[in-house]
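Reader: I've just opened this one. Can you walk me through it?

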Amino acid sequence: MTPLLSLFGMAFLLGLIFNAAPGAVFAETIRRGVDGGYRQALSVQIGSLAGDAAWAILGLAGIGLLLQAEMLRIPVGIGGAAYLAWLAFDSWREMTPPMPDAADAPATGNALRSGAILALSNPQNVAYWAALGSAFGALGVSDPGRLDYAVFFAGFMASSVLWCFVCAGAVSWLFGGRGEAWRVWTYRLCALAFAWLAAGTAREVLQIIWPAG
């Protein structure tokens with residue numbers, strides 16, 4: 001296996017692990033998929049690609065040290081916590097109305113926008129790409145060039161695109177069209193997940209502002 005092909009495979013695997021980790025985007029995919037089915041779930045996933053690609057470009061551009069700076073982590077964390085808190089409120093508020101018809105389902109543009117905002121405001125993305133942006137040596141590339149960065153980006157995004165369809169399909173099959181009681185409990189669990197993620201994000205920001213000891 002050539003070094004570039006090996007690098008692509010490693011990036012593809014890391015991308016799958018990164019995307020498969022439960023988080024805000026996954027919870028939002030479930031929430032949208034309950035009412036909107038496969039199309040809405042896929043829209044959230046595709047929207048999140050914008051955020052993933054943006055952080056990937058920043059991390060691979062060699063500014064990993066900048067991404068670790070508190071001046072960036074604090075506002076990103078505050079924005080992420082605020083948006084997650086709003087999603088928790090919105091999920092709890094929307095769990096009781098009757099299941100809408102397909103014509104009344106949330107607009108695809110809203111799902112796309114929601115996925116993008118969640119990915120862009122996720123502090124874990126900052127930490128992930130800050131680490132990878134300066135850790136190519138651990139991947140067997142001691143002196144990475146533009147081609148190495150391009151291959152790694154291609155591998156990561158290829159797995160991310162694949163995951164969009166796999167995740168949306170699984171969510172639609174598991175959660176779509178299961179009845180009103182299933183819908184209510186799914187929304188309730190999503191609201192609790194968003195609230196927990198918002199609290200965790202806010203705690204991370206506070207630890208940056210006021211470090212222990």
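Reader: Let's start with Cys 164. Is Cys 164 buried or exposed?

Author: Buried. This is a predicted model, and in it Cys 164 has 2% relative accessibility. The cut-off for buried is under 20%, so Cys 164 counts as buried.

Reader: Which cysteine sulfur is closest to the one in Cys 164?

Author: That of Cys 167. The two sulfurs are 8.1 Å apart, too far for a bond. A disulfide needs them within 2.5 Å.

Reader: And Cys 167, buried or exposed?

Author: Buried, at 2% relative accessibility. Cys 167 is in no disulfide, with the sulfur of Cys 164 as its nearest cysteine sulfur.

Reader: New topic. What's the chain built from, helices or strands?

Author: Helices. The chain has eight of them and zero strands. Along the sequence the pattern reads α-α-α-α-α-α-α-α.

Reader: How much of the chain counts as buried?

Author: 41% of its 213 residues.

Reader: Tell me about H2. What does helix H2 span, end to end?

Author: Helix H2 covers residues 24–60 and spans only 24 Å between its end C-alpha atoms. A straight helix of 37 residues would span 54 Å.

Reader: Where is the kink in H2 centred?

Author: On Gly 36. The kink there is about 150°.

Reader: How many residues of H2 are buried?

Author: 28 of the 37, so H2 is largely enclosed by the rest of the structure.

Reader: How far is Gly 59 from Tyr 128 in space?

Author: 8.5 Å, C-alpha to C-alpha. In sequence, Gly 59 and Tyr 128 are 69 residues apart.

Reader: Now H2 and H7. How do their axes cross?

Author: At roughly 170°, and the axes come within 9 Å. Helix H7 is residues 146–175.

Reader: Parallel or antiparallel?

Author: Roughly antiparallel. Angles over 145 degrees count that way, so a crossing at roughly 170° qualifies.

Reader: What residue classes make up the contact of H2 with H7?

Author: There are 25 nonpolar, seven polar and one charged residues in that contact.

Reader: Why give both an angle and a distance?

Author: Because two packed helices are described by the angle between their axes and the distance between the axes.

Definitions and conventions:
Residues numbered from 1 in each chain as written. Predicted model: local features only at pLDDT ≥ 70, side-chain atom pairs only at ≥ 80, totals over all residues. Heavy atoms only, no water. Buried < 20%, exposed > 50% of the residue type's maximum accessible area, 1.4 Å probe, protein only. Helix = DSSP H or I, 4+ residues; strand = E, 2+ residues; numbered from the N terminus. Expected span 1.5 Å × (residues − 1). Bend = angle between axes of the 7 residues up to and from the residue. Axes fitted to C-alpha atoms, helices over the stretch in contact; angles between N-to-C directions. Parallel < 35°, antiparallel > 145°, perpendicular 65-115°, else oblique. Nonpolar A, V, L, I, M, F, W, Y, C, P; charged D, E, K, R; others polar.
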